[in-house]
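The entries below follow the order in which I looked things up.

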Amino acid sequence: MKHWPALLTGLIFGAGLALSGMTNTTKVIGFLDVFGAWDPDLMFVMGGALVVSLGATPWIIAWTQPLLAEAFSLPINKSIDKQLIIGGALFGIGWGLWGYCPGPAIASLAYGHESTIAFCAAMILGMWLAGKLGLNTSRLNS
Amino acid sequence: MEEFFEPIAGGILIGIASMGLLATLGRVAGISSIAWGAFAGPDREWRLLFVMGLVAGAAILHTLTGNPIPSAPEGSLPLAVIAGLLVGFGTRMGSGCTSGHGICGIGRLSLRSLVATCVFMATGIITVLVMRTLMETLL
């Protein structure tokens, strides 16, 4: 069970999503509706997470190795290519259509809504399709 | 201020979880790639544990705080499937989502992630605008 930190950090991440309002699609759509009745609350979710990430990431990745693994596994593709732009654009459309990005979609499986199961199954299918078409360009250093 | 407490506290928890995963296992908390990896590999074990944690963490949060569970998303089942397909296809093609690009990538000062985040925020905003306009026109 050397991977226990994945369970623990997953628990904290899921709790954070549920606390923040990100698992509430009405809130998410309201946040994205900047030209309508804009609900800015979720900006603070990104803000809170980014303060921690911007503060801690440079410090952590400067270590010679992580606490419980041999090496950091970080993305090395730095190119701003058309896969990144088109993929990001398609993801945003799906996010705006329904209100779930991947984390909240998975965490919301806890709520037992039928449509969330369908969303997650379709999401995995979409991922498979993009891979099948050879469109994934992410690479890790180890 | 009170209405911002939960979004900020939730965001900080998300940040702490991401940093915890990076500090211990040396992995980026990008949920789209973790979800795909949990399904298809490689290194399924830690990814499956993380995914299970996401679901359990949300359940525990509502139990502990008494916060009501959000009502089911509005919209038809076919729309959920179309949206899910786009989110899955787009995040795999674009190498990440809100967490991987938006939090971890920007935290690493990656220009690639910053660009991706601006793109999906922009198309998300445009999509909501278009959908709302369509609804208002039709109804």
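This is a predicted model: local features need pLDDT of at least 70, side-chain atom pairs count only at pLDDT 80 or more; totals for chains, interfaces and linings use all residues.

I then checked burial in α4(B). The helix is mostly covered, with 12 of its 17 residues buried. I listed the buried ones: B:Ala80 and B:Ala83, then B:Gly84, B:Leu85, B:Leu86, B:Val87, B:Gly88, B:Phe89, B:Gly90, B:Thr91, B:Arg92 and B:Met93.

What do the buried residues of α4(B) pack against? I find α4 (82-98), α5 (102-107) and α6 (114-132) of chain A, together with α2 of chain B. Just after α4(B), I noted a positive phi of about 60° at B:Ser95.

Next I looked up the contact between the chains. It takes 102 residues from chain A and 96 residues from chain B. On the chain B side, I find that α1 (2-25), α2 (31-40), α3 (44-65), α4 (77-93), α5 (98-107) and α6 (111-138) each give two or more residues. The largest share of that side, 22 residues, comes from α1(B). I sorted the side of chain B that touches chain A by residue type and got 62 nonpolar, 26 polar and 8 charged.

Last, I turned to α1 (residues 4-20) of chain A. Its 17 residues should span 24 Å at 1.5 Å a residue, and the end C-alpha atoms are 24 Å apart, which agrees. I count 14 of the 17 residues of α1(A) as buried, so the helix is largely enclosed by the rest of the structure. Just after α1(A), A:Gly21 takes a positive phi of about 105°.

Terms used
Residues are numbered from 1 along each chain as its sequence is written. Chains are lettered from A and ligands numbered from 1 in the order in which they are written. Two residues are in contact if their C-beta atoms, placed from the backbone, lie within 7 Å. Helices (H or I, at least four residues) and strands (E, at least two) are DSSP runs, numbered from the N terminus. Ala, Val, Leu, Ile, Met, Phe, Trp, Tyr, Cys and Pro count as nonpolar, Asp, Glu, Lys and Arg as charged, and the others, Gly among them, as polar. A residue is buried if 20 or more other C-beta atoms lie within 10 Å of its own, exposed if 12 or fewer, and partly exposed in between; C-beta atoms are placed from the backbone. The expected span of a helix is 1.5 Å times one less than its number of residues.
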